[in-house]
Amino acid sequence: MRLLFLLAVLASVLATPALAQQAPYLPFYSADTVRVHEMAVAHRAAVQKYLVTPKSVSGEYRDHYKRIAQEAADDVYNTVRYSALVDPVLNPYVQRVFGQIRQANPQLAAVQLVLSRNPEPNAHAVGNSIVMLNIGLLSRLENESQLAYVLCHELAHIQCAHMERGLHAQLTRIHSKELRKEFKRIVADEYNISSKLKELALGLSLNSNFHHRQYEKQADSLGYALLKRTSFDTRQAYRALQLLDKIDQPLSAEPLALGQYFGCANFPYPLPEAPAKPKSIFTVAAPTKTVLETTDTLKSHPDCAKRMRYLSELAQGQIADGPTAPTPEFARIVALSRLEAVQSWFDYDCYDHALYEALQLLHDEPQNAYLRSVVTLSLYELREHLLKHDFYEVVGNVSKHHPDNFNQLLTTLTAWKADDYKGLVACFAQNAPVAPAADEYAQAAAYAAAKLAAEPRATALQQQYQAQYRDGRFAKLLFPKPAASGKKSIR
Amino acid sequence: MLVKRILLAAAMALVVPAALHAQTQTIDGISNMRRAALSPIYAGNEVKGYVMFTRGDKADRKNDNYLLDLYDQDLTKVSSITIQKPAGYTLLKNTFNGSAFAFYFANGKDQTLEIETYDTSLKKLGSKVIGDLSGGDKRMLAAQAMSADPAGNGMMGMNLIPVPGLGFVRNGYTGAMAKGYTLAIYDDKLNMHWRITSDEKSKQYESLSITEAADKYLLGMMMRRDGLMSHKFNFSMVALDAKTGKKLLDMPVETSPTEQLSLSSFTFDPSTREFVAVGEYYKLDDKPMVNKSQGFFVKRFSEAGKVVSAKNYGWHNEVAALMPAEAKASQEDNYVNFNHAVVKGADGRMYIVAEQFKIVGDGLGIAMKALGGGTSVSKGKIANLLVFELDPQAKLSNVKFFPKTVTNAEIPPGAGLMGSSLLGMIMKAQGDFDYQFLQKDDANTQFNVVYLNFDKEKGEAAKGYIGGIGFGNSGKYTTDKIELNAGPTYSYLYPAKPGYVMVTDYYKKKKQLGMKLLKMNI
């Protein structure tokens with residue numbers, strides 16, 4: 001009997017990971033913010049401790065330094081407090097890779113890695129103790145070695161004290177006798193003060209960008225050296241830069257099949273013909289580049305092509321020049337990161353981006369219940385903002401910097417009317433029905449769909465959600481407490 | 001940072017990345033903001049951008065730097081033009097004729113006017129100083145400077161009208177008392193092609209207001225009267241050949257044996273090649289624009305000037321029969337209508353947008369007057385909006401009533417004696433009406449009326465909202481209201497791309513100006 005019991009326990013233990021792997025992933029959420037608050041406080045203190053006001057400088061320099069140091073500390077607090085992702089899967093994974101790098105490079109200072117829910121593909125270092133990695137960047141990498149190089153690059157910034165050096169260089173220039181003299185001369189000169197000050201500021205900015213580009217080159221170089229000491233594949237450093245060079249490209253460049261998702265027999269798609277892109281009457285050309293201007297003069301980072309050439313030299317041609325198939329483990333990390341990035345766009349009220357990313361992923365996973373919930377919730381929120389007349393806060397403009405299919409979505413969102421949303425959501429549910437899920441996302445989406453359709457069951461769904469998820473992810477968004485409103489006249 | 005783009009460094013939760021391309025703009029360092037500093041740029045019917053005219057620092061001993069900041073219809077900054085001009089420059093009007101932008105300035109110090117033109121890449125095309133201003137011109141300029149919307153296309157004032165394919169038409173006044181008119185057309189490089197002037201020998205006062213360039217015509221309304229102070233107006237419909245300036249039509253709005261007519265709108269319908277005149281009719285003994293009108297009329301004329309059809313719609317007869325029940329109380333409460341706009345849809349239906357107003361005694365004003373104060377003893381009351389819909393045969397088919405909160409407006413002392421129609425025009429010039437503008441798409445299928453409901457008498461302390469009324473080819477009338485939030489020192493409302501309005505919020509303490517595009521649910 002005891003043996004049978006032991007066997008049963010063993011079977012259940014063995015079965016649990018298998019079940020967990022099969023269960024659909026849902027973005028991490030915890031109503032308990034104590035841990036991230038403590039992390040944020042600790043990181044703020046670390047930045048404050050690091051950025052010590054220098055003594056042998058002018059009073060103005062000191063005040064300026066203090067202000068920047070305080071802003072940097074506050075920024076770190078806010079970033080960690082409101083965006084740190086402390087989930088049980090992705091965070092431990094990136095921490096493990098980070099730990100391997102540090103283990104292979106014991107000379108490195110005590111630095112902590114913070115995984116951020118920021119969906120922008122980026123990473124950065126702050127002070128002498130924090131590396132921030134955005135989920136948006138993790139979702140765009142192909143393997144662990146590329147991740148390791150990204151982290152090595154940021155560690156190199158810390159090792160070289162780039163933040164402090166950059167700050168000192170900039171403040172030394174700003175508070176230099178020459179610049180003060182120049183500033184006084186401009187102000188004393190009665191005429192064209194504004195354009196002269198602009199020129200002066202541009203000079204400072206170009207100077208600062210030049211130094212930043214130098215720092216990036218150093219970080220690429222030292223980062224590569226740090227990577228070499230690990231067991232990761234150093235050839236992937238080059239490939240990481242190659243990916244960054246194309247980071248603005250979408251997952252898929254194909255036009256979004258909006259009519260197929262959001263039109264059906266009961267509610268014909270409201271825009272049978274694609275709305276025309278807004279045309280400008282202006283034909284102002286971009287300013288012509290002077291001979292002296294290189295392609296990255298105005299950028300804080302060197303062009304990726306330059307960095308790739310440099311890294312290729314460092315690696316003596318030992319580079320991975322092209323895509324590599326991810327391991328199943330890393331493929332899962334990427335897949336989960338993408339879902340977290342979608343949720344982040346949503347949480348930051350960027351419903352245009354959330355909808356776009358969710359639709360891109362749905363193309364390959366049409367039955368993904370979480371993504372379908374995000375689409376429904378995004379549509380619901382877009383309509384809410386239309387009704388509140390602050391649509392401009394959640395939907396961007398068409399821009400030449402966006403992928404074509406994102407511009408297609410923006411043009412469409414601008415053309416849809418508040419009355420269209422009921423049909424859009426109904427058709428979306430009808431066109432690819434999925435088995436009803438009982439998770440928070442599905443329940444929130446069910447409420448949103450019912451509310452849009454003005455179904456009486458919306459009240460019951462609201463009560464159900466609030467009973468089950470009192471401090472849930474969508475509790476404040478979907479059921480806000482009415483706020484006292486003040487009004488002002490307009491002329 | 002690792003990537004090439006300048007991205008969000010910190011406090012992501014507090015910053016929205018999409019705002020990088022949002023339909024908003026925030027400008028710092030603005031020490032003061034007047035409504036006229038910003039004006040929409042139209043291409044055809046639609047708003048395609050904005051120009052902001054600001055004075056910067058001193059350029060040299062004599063000149064200041066002025067900035068013309070140009071934004072597209074989505075509020076994306078396109079470019080800036082810096083011009084050096086003497087102090088006291090004001091932008092009277094910006095306009096676009098499809099190939100060139102024209103900026104029309106008044107130089108207050110030198111008492112001159114100036115036009116500058118730019119192509120669509122904002123390369124300067126031409127510049128012209130107009131120095132020989134008449135006394136009438138100067139009077140009009142002074143009045144325009146005091147108007148609520150100096151760039152507005154009122155009946156009077158200095159204006160510059162775009163003429164696609166030809167250039168720009170500028171109007172002017174002759175004589176010290178604006179007895180006559182002048183018109184001149186300039187091409188995109190500001191070479192003058194023709195100029196016409198009213199007959200100096202004419203005994204009557206004549207003012208010609210060009211309203212639009214349509215097809216091959218320049219259309220306008222001529223107002224004639226016997227003397228400067230005369231309240232007896234005669235209206236004519238005028239059509240000029242845009243290429244030559246030759247007068248092709250100058251036809252009085254005929255007065256029948258039973259009534260006399262005033263003209264509110266004169267347009268050309270290219271689909272039927274007919275001129276369309278809309279206005280109000282009065283009793284034979286009444287004075288148009290002084291007494292209360294009896295109703296409105298629609299007359300259609302062939303290109304040769306022959307009457308094709310003429311229909312009258314009396315307020316108490318045809319209009320009352322179609323008036324919704326909720327509107328009747330205000331009609332019986334002695335409100336009169338002021339016609340703001342007349343538009344024709346692509347499907348042939350015509351819409352006349354009117355707003356109710358009346359003059360009442362002002363208790364406080366009367367008391368102040370008794371105590372020797374100089375305030376008006378009357379005040380204006382602005383009530384509801386009406387849309388009169390006419391079918392393609394110009395038959396009144398629908399009257400829509402849009403209730404609003406009644407608001408008050410100050411009127412000038414003595415204006416209470418003027419008569420309702422003339423007073424309506426004064427209130428319009430003062431910006432007292434709630435109606436702000438009518439937006440239409442290029443295809444003439446969708447029209448939006450935008451109004452602002454707040455008490456002008458209470459000024460900034462009043463609470464209000466932006467209202468929108470949509471109508472057009474769909475046959476449906478839709479409405480929307482936008483509540484205004486507290487915070488800004490001033491807010492101004494501007495036309496925007498179809499379906500939107502643009503609101504600017506100025507914060508005096510922060511010296512900050514915010515611009516945003518609000519999508520209307522209409």
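This is a predicted model: local features need pLDDT of at least 70, side-chain atom pairs count only at pLDDT 80 or more; totals for chains, interfaces and linings use all residues.

**Entry 1**

I began with the secondary structure, and I noted 20 helices and three strands for chain A, against five helices and 33 strands for chain B. For burial I wrote down that 37% of the 491 residues of chain A are buried, and that in chain B the buried share is 44% of 522 residues. I then looked at how far apart in sequence the contacting residues are: in chain A, 72% of the contacts with a separation of 6 or more join residues 24 or more positions apart, while in chain B 47% of the contacts between residues at least 6 apart join residues at least 24 apart. Along its principal axes, I found that the C-alpha atoms of chain A fill a box of roughly 80 × 75 × 45 Å.

**Entry 1: domains and core**

I looked up the domain assignment of chain A, which gives domain 1 as residues 34–235 and domain 2 as residues 349–478. The centres of these two domains, taken over C-alpha atoms, are 36 Å apart. Next I went to the largest nonpolar core, which has 237 residues, and I listed those with the most contacts inside it: Val131(A), Leu133(A), Leu151(A), Val342(A), Ala358(A) and Val501(B). Both domain 1 and domain 2 of chain A give residues to this core, so I place it between them.

**Entry 2: the hairpin in chain A**

Strand S2 (residues 123–126) and strand S3 (residues 130–134) of chain A pair in the antiparallel sense over four bridges, and within this pairing I see Val126(A) standing opposite Ile130(A). The two strands form a hairpin with three residues between them, and in the turn Gly127(A) has a positive phi of about 60°. Which way do the residues of S2(A) point? I noted that Ala123(A) and Ala125(A) point one way, that His124(A) and Val126(A) point the other way, and that all of them are buried.

**Entry 3: helix H12 of chain A**

After H12(A) comes Gln316(A), and I recorded its positive phi, near 50°.

**Entry 4: a sheet in chain B**

In chain B I traced an open sheet of four strands in the order S18-S19-S20-S21, with antiparallel pairing. Strand S18 (259–269) and strand S21 (307–314) are its edge strands, each pairing on one side only. Ignoring direction, neighbouring strands of this sheet are turned by 20° against each other on average. Inside the sheet, strand S19 (residues 274–283) and strand S20 (residues 295–302) of chain B pair over eight bridges, and I noted Val298(B) in S20(B) as the bridge partner of Val278(B). Helix H2 (residues 315–322) of chain B lies across S20 and S21, running at about 80° to S21(B).

**Entry 5: two loop residues with positive phi**

Most residues other than glycine have a negative phi, and with that in mind I looked at two exceptions. His389(A) has a positive phi of about 65°, and lies in the loop between helix H15 (369–388) and helix H16 (404–415) of chain A. Is His389(A) buried or exposed? I counted it as buried, because 21 other C-beta atoms lie within 10 Å. In chain B, Leu75(B) has a positive phi near 70°, and sits in the loop between strand S4 (63–72) and strand S5 (77–86). Leu75(B) is buried, with 20 other C-beta atoms within 10 Å.

Technical notes:
Residues are numbered from 1 along each chain as its sequence is written. Chains are lettered from A and ligands numbered from 1 in the order in which they are written. Domain bounds come from an automatic or database domain assignment. A nonpolar core is a set of buried Ala, Val, Leu, Ile, Met, Phe, Trp, Tyr and Cys residues joined through C-beta atoms within 7 Å. A residue is buried if 20 or more other C-beta atoms lie within 10 Å of its own, exposed if 12 or fewer, and partly exposed in between; C-beta atoms are placed from the backbone. Two strands pair if DSSP finds at least two bridges between them. Axes are lines fitted to C-alpha atoms, for helices over the stretch in contact, and angles run from 0 to 180 degrees between N-to-C directions. Two residues are in contact if their C-beta atoms, placed from the backbone, lie within 7 Å.
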